[in-house]
Amino acid sequence: MKITGFITFSMLAAMLGTTTSFAQQLPNAGFEGEWVDCQPFTSATSDPITIGQNPESWCISHVTGLSGLGKKELGSKSEGYNSTTAVALLSNQTGAFGIYRNVPAYVTLGTSWNTSQGMGTNTDGGSFGGIDFTYTPDGLQFYYKRTSTEPSTVLAYSWTGTCTQADVPAEISFGAPKTITMTDRDRCIIDYTLEGCQGGDVTKSDDAALVSLINTAITEDAADWTEFYHEFEYKADAKPSKFNIVIASGDYFSQNVAKDNSLIIDDVKLVYYSRLKSFSVNGTPVTLEDGKYDYTVESEIPDGAMLEAVALGKSATVKSAYDAASKKVTVTVSNVDADRDGKSEHVYTFTFGNAAGDENKSYSGFLTIDMNGTSLTPEPQAATIQIIPTGENTCSFLLPNFTLEGLGSLGDIKINTVTTTTDANGTTTYNGEEKDLQLMLMEIQPILADVNLDGTIDAQGNIDMNIHVIWKDGENGIPIEVKFFTKSTSSIDNVAADNESPAEYYTIGGIRVNNPVAGNIYIVRRGNTVTKELLK
C-alpha cells in the first residue's frame with residue numbers, strides 16, 4: 001500500500017525542535033549538593049556580610065539588615081522528600097530599636113536583593129538574573145510541605161535578550177541607598193507592575209522577549225509531602241537564552257508579606273512531554289486515552305492516506321513506521337528528558353482494519369457468570385461475542401453490554417490485543433489481556449478492571465472462552481469468571497436439533513421470546529445445543 005504524506009508538517013516541526021540527546025535540567029534540583037555561606041547581594045561599597053547558607057546554584061533571600069544590625073536568616077536545610085536535604089523557607093521580621101518589618105522568604109536561581117531607607121521606608125526587593133538555558137520544558141514539578149496564612153508564590157520563566165532598569169537601590173541604609181543598573185529584574189522580564197516599586201526607567205534589547213511563564217500560587221497547607229505540578233504557558237516562539245525560578249513561602253509580590261509563612265521544597269524538576277497530542281487519518285482523529293499506547297482502528301488505511309501525528313511536548317520528536325503485513329503504524333515520541341512518569345520515550349501502536357480476506361465475526365451462544373465464587377447465572381444466558389481480526393495471528397475480542405445480575409449493564413468488555421494460534425486440526429487458541437478497562441456501575445460509578453482471555457474455537461465453530469475479570473475494588477479486587485460457549489455457529493440456516501429438548505428462543509440481543517414469529521432470526525437453545533436460526 002502506498003502511503004503519501006506519511007510524515008506531516010506537525011511531525012517535522014517537532015523534529016526540528018532539538019537534535020540534542022540530553023536535556024538541561026535544573027542544577028542541584030534535589031539540594032543535595034554543597035551548601036555554602038551566603039553573602040547577600042548589596043549595592044553598598046562596605047564589606048559583605050555573611051548570613052545563613054545557600055544550596056549550591058541557588059540563592060535564599062537572607063537579609064543583611066543595616067550593616068548587620070537586624071540581619072535575618074530566611075531559609076535552611078531540612079529533611080528531604082526521599083532524600084536527606086530540602087530547602088525550608090520561613091518568612092520573618094527584620095529591624096531594630098522597636099521598628100520591625102516582615103520580609104519574604106524565597107529561593108531563586110537568580111540573585112536575591114532588597115532595599116530600605118531610613119526607618120523602613122521605600123522598601124523593595126526580589127530576584128534578578130538567572131541561569132543560561134536554551135530548552136523548552138512543558139511543566140515544572142516539585143514536592144512541598146506548607147503552613148502559611150497567605151498563598152505561596154511559584155514563579156518560573158524563560159526569556160531571551162536583556163532588560164535593564166536604571167537607578168535601582170539595592171541596600172539597606174539610613175541615608176539614600178546606593179543605586180545600580182539592574183539587569184533582568186523579574187518584574188521587568190514578565191511585565192509585572194512596578195507600581196510602588198523602586199527604580200527608574202526600563203530598557204529592553206531589540207530581541208528581548210518573555211518565552212515561557214508560570215506565575216501561580218499554592219493555597220492549601222500540606223503536612224505531608226505533596227506534589228506540585230504546573231504547565232508552562234508559552235508567550236513567544238523565540239528560543240530562550242535564560243531561565244529563572246522563584247519559589248516563596250508567602251505572597252512574593254506583596255508589599256506586606258505575613259510573618260511565619262513556612263514552605264519546605266525538594267526535588268525541583270522540569271518535565272518534558274514525550275506523548276502524542278493527537279493522531280488522525282485523513283483528518284479523522286483517533287481518540288487517545290492518557291496512559292494507553294495500543295489502539296485498534298477498525299478501518300482500512302485508505303490508499304494514499306495522510307496520517308498525522310502531533311506531539312504533545314514542546315520539544316518532542318516523532319518517528320513513525322508502517323508495517324504493511326500487520327497493518328500497524330508505530331509512532332515513537334521522545335524528548336530530551338523525562339515526562340511525568342519518568343520516561344523520555346513512549347511508543348504508540350495503531351493496528352488498522354482486518355487481515356486480508358478476513359471479516360469481523362459474531363458468535364452467538366451462552367455465558368455463565370461467577371462473582372467471587374458465587375454463581376450469578378442459575379441458567380446460562382444468551383450472549384454474543386465478536387472476534388475482530390487486526391493482523392496476522394492477532395485480533396481483538398468484544399463482549400458487548402456485559403451485565404451483572406442486580407447491577408445492570410457494566411458496558412463492553414473489549415480486549416484490544418489478542419494473540420491467536422491455529423493447530424493442524426483447525427482449532428484456534430486465543431490469549432489476551434486488557435489492563436485498567438473502564439466499565440460503569442449503574443451508569444454513574446466508574447469501575448476499573450483487569451481482564452484476561454483464554455479459549456478456543458474449533459474447526460466446526462464450537463467455542464469455549466474463559467474471560468477472567470478482576471474488578472479492582474480494594475486491595476485484592478473482586479474476581480468475576482465468565483464462560484462463553486456454543487456448540488454451533490452456523491449461518492442463517494435451519495439446523496436440526498441434537499436432541500428432543502424443547503426449543504427456547506432468544507433475540508440476537510439475548511432477550512427470551514415466548515412467541516417467536518416466522519421470518520425472524522433467533523438464537524435457539526435445545527438442551528446443550530445453541531444455534532442461530534431463521535424461523536420459517
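These are my notebook entries on a predicted model of one protein chain.

**Entry 1: overall make-up**

I began with the secondary structure and found 2 helices and 42 strands in the protein chain. The chain has 536 residues, and 46% of them count as buried. I then looked up the accessible surface, which comes to about 25,600 Å², with 47% of it belonging to carbon and sulfur atoms. Among contacts with a separation of 6 or more, 61% are between residues 24 or more positions apart.

**Entry 2: strand β14 and its partners**

Next I picked out strand β14, residues 163–169, and asked which strands it pairs with. One partner is β17 (residues 202–204), joined to β14 by 3 bridges and running antiparallel. Here I noted Thr-164 opposite Thr-203. The other one I looked up is β16 (residues 179–183), also antiparallel to β14, with 4 bridges between them. In this pairing Pro-169 stands opposite Thr-179.

**Entry 3: the nonpolar cores**

The largest nonpolar core holds 36 residues, and I wanted to know which of them touch the most other members. They are Leu-140, Phe-142, Phe-243, Ile-245, Ile-265 and Val-268. Several strands supply at least two core residues each, including β12 (139–147), β13 (152–160), β21 (242–248) and β22 (262–271). The largest share, 4 residues, comes from β22. A second, separate core has 33 residues, among them Leu-367, Ile-385, Ile-413 and Ala-449. A reminder to myself: in soluble globular proteins, nonpolar side chains tend to be buried together.

Leaving aside residues up to four places away in sequence, Ile-245 touches Leu-26, Trp-58, Val-107, Thr-108, Leu-109, Leu-140, Leu-155, Ala-156 and Val-268. Two of these, Leu-140 and Val-268, are on the list of core members with the most contacts to other members.

**Entry 4: salt bridges**

I found 14 salt bridges in the structure. The partners come from distant parts of the chain, 110 residues apart: Lys-242 is in β21 and Asp-132 in β11 (residues 131–132). Are these two buried or exposed? Lys-242 is partly exposed because its relative accessibility is 26%, whereas Asp-132 counts as exposed at 54%.

I also looked at Lys-269 and Asp-267, whose side chains meet at 3.9 Å, N to O. Lys-269 is partly exposed, with a relative accessible area of 36%. Glu-289 and Lys-292 form another salt bridge, at 4.0 Å, and Glu-289 is partly exposed at 45%. Finally, Lys-435, Asp-436, Asp-450 and Lys-472 belong to one network, joined by salt bridges that share partners.

**Entry 5: Asn-261**

Is Asn-261 buried or exposed? Its relative accessible area is 0%, so Asn-261 is buried. What does its side chain meet there? The side chain of Ser-148 makes a polar contact with that of Asn-261 at 2.8 Å. A polar atom of the Asn-261 side chain also lies 3.2 Å from the backbone nitrogen of Thr-149. Beyond four places in sequence, the residues touched by Asn-261 include Leu-89, Leu-90, Ser-91, Thr-147, Glu-150, Ser-249 and Gly-250, along with Ser-148 and Thr-149.

Key:
Residues numbered from 1 in each chain as written. Predicted model: local features only at pLDDT ≥ 70, side-chain atom pairs only at ≥ 80, totals over all residues. Heavy atoms only, no water. Pairing = 2+ DSSP bridges. Core = buried A, V, L, I, M, F, W, Y, C linked by side-chain atoms within 4.5 Å. Buried < 20%, exposed > 50% of the residue type's maximum accessible area, 1.4 Å probe, protein only. Contact = heavy atoms within 4.5 Å. Areas by Shrake-Rupley, 256 points an atom, 1.4 Å probe, with all protein chains shown as cover. Polar contact = N/O pair within 3.5 Å; in protein donor to acceptor, adjacent residues only side chain to side chain.
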